[in-house]
Amino acid sequence: MNEIQEKVERSVRQIRERTDFVPRVALILGSGLGALADEIEAEAVIPYSEIEGFPVSTVAGHTGRFVFGNMGGVPVVIMQGRVHYYEGYAMSDVVMPVRVMRGLGAEILFLTNAAGGISSELEPGNFMMLTDQISSFVPSPLIGENVDAWGTRFPSMDTIYDEELRELLRKTAAECGISLKEGIYVQTTGPNYESPAEVRMYAMLGAHAVGMSTAVEAVAARHMGMRVCGISCITNMAGGTGKAPLSHEEVSAVADRVAPLFRELVRRSIEKMK
């Protein structure tokens, strides 16, 4: 057993000492969505800091804990706050929570994030369902010795975002009267926002939105056989495409403004994942 696998399995054992709850859906909450974890009746709450060797969120607005409970009859484990590559963690630590949640029994990974809009068809406050991604600007989470128990050495990424789950998100958004855009997401390392020239390059590559998380988590999940879906909250226009310099305060303000609709869309979508 290599060091990464040992860390994951140790975390799973420690969590199992505190709860025997088996989730079906693993939900990672991005900026502005943290309150969703407070809306369910929790079976167990475990701060990351109480799990030996587990990475801890250092970004404002990312509480840093697992919340276990039921959402419309669907057992879920919620990451109330994620860790990012730019916080200084090894990529294996960035995706460690995904691997732990899979180890706890989760079959579906639902990713959410705050992202910058690249496409002219997007504007702050929009929601964009991820149909594909570009992760070439960050290290692959699969670099290093492969753990055969998790997945094959060379996993296919033909359909990272599950087609049936994407259709479920479309139908749910329509039922809620929520406009849901669709597009390709590109992950960068951060923490600096992208330059205007970089945004033009991402657009030429086909990206519709850009952010600092998510893509590597999706790769790790697919490697382990999980079904994946994701939604970005477009909180700003990417560097050089807006009228003013970007700020974290702007991102947080927009995320907070549209959070109630975002939470409704996520919650009602999960309720259909029985």
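**Notes on the predicted model**

1. Leaving out residues up to four places away in sequence, Asp 38 touches Arg 65 and Gln 80. Keep in mind throughout that this is a predicted model. Asp 38 sits in the loop that runs between β1 (25–29) and β2 (42–47). With Arg 65 the link is a polar one, side chain to side chain, at 3.1 Å. For a sense of scale, Asp 38 and Ile 178 are 140 residues apart along the chain, and their C-alpha atoms are separated by 22 Å.

2. Gln 133 is worth a look. Is Gln 133 buried or exposed? Its relative accessible area is 10%, which falls under the 20% cut-off, so Gln 133 is buried. Gln 133 belongs to strand β6 (residues 127–134). Two polar contacts involve its side chain: one of 2.5 Å to the side chain of Tyr 161, and one in which the backbone oxygen of Ala 215 lies 3.0 Å from a polar atom of the Gln 133 side chain. Beyond four places in sequence, the residues that Gln 133 touches are Ile 160, Tyr 161, Ile 184, Tyr 185, Ala 215, Ala 218 and Val 219.

3. Next, helix α4 (residues 163–176). How far apart are its end C-alpha atoms? They are 20 Å apart, which agrees with the 20 Å that 14 residues should span at 1.5 Å a residue. At the start of α4, a side-chain oxygen of Asp 162 comes to within 3.0 Å of the backbone nitrogen of Glu 164. Just after the helix, Gly 177 takes a positive phi of about 70 degrees.

4. Which residues of α4 are buried? They are Leu 165, Arg 166, Leu 168, Leu 169, Thr 172, Ala 173 and Cys 176. These residues cover an arc of only 155 degrees around the axis, so they lie on the same side of α4.

5. On to the aromatics. How many aromatic pairs does the structure hold? There are seven. In one of them, Tyr 48 and Phe 66, the ring centres are 5.2 Å apart and the planes stand at 70 degrees, so this pair is edge-to-face. Tyr 48 is in the loop between β2 and β3 (65–71), while Phe 66 is in strand β3, 18 residues apart, and the pair links distant parts of the chain. Both partners count as buried, because relative accessibility is 1% for Tyr 48 and 0% for Phe 66.

6. Phe 127 and Phe 262 give a stacked pair, with 4.8 Å from centre to centre and 25 degrees between the planes. Phe 127 is in strand β6 and Phe 262 in helix α7, so the pair ties together parts that are 135 residues apart in sequence. Phe 127 and Phe 262 are both buried.

7. Phe 66 turns up again in an aromatic cluster made of Phe 21, Tyr 48, Phe 54, Phe 66 and Phe 68. Setting aside neighbours within four places in sequence, the contacts of Phe 66 include Ile 15, Ile 46, Ile 51, Val 77, Met 79, Pro 97 and Met 101.

8. Last, Gly 105. Where is Gly 105 placed? It is in the loop between α3 and β5. With a relative accessible area of 27%, Gly 105 is partly exposed. Not counting residues up to four places away in sequence, Gly 105 touches Val 22 and Pro 23. Gly 105 and Arg 24 are 81 residues apart in sequence, with 6.5 Å between them in space, C-alpha to C-alpha.

Conventions:
Residues numbered from 1 in each chain as written. Predicted model: local features only at pLDDT ≥ 70, side-chain atom pairs only at ≥ 80, totals over all residues. Heavy atoms only, no water. Helix = DSSP H or I, 4+ residues; strand = E, 2+ residues; numbered from the N terminus. Contact = heavy atoms within 4.5 Å. Polar contact = N/O pair within 3.5 Å; in protein donor to acceptor, adjacent residues only side chain to side chain. Buried < 20%, exposed > 50% of the residue type's maximum accessible area, 1.4 Å probe, protein only. Expected span 1.5 Å × (residues − 1). Arc of directions from axis to C-beta. Phe/Tyr/Trp six-rings, centres within 6.5 Å; stacked < 30°, edge-to-face > 60°.
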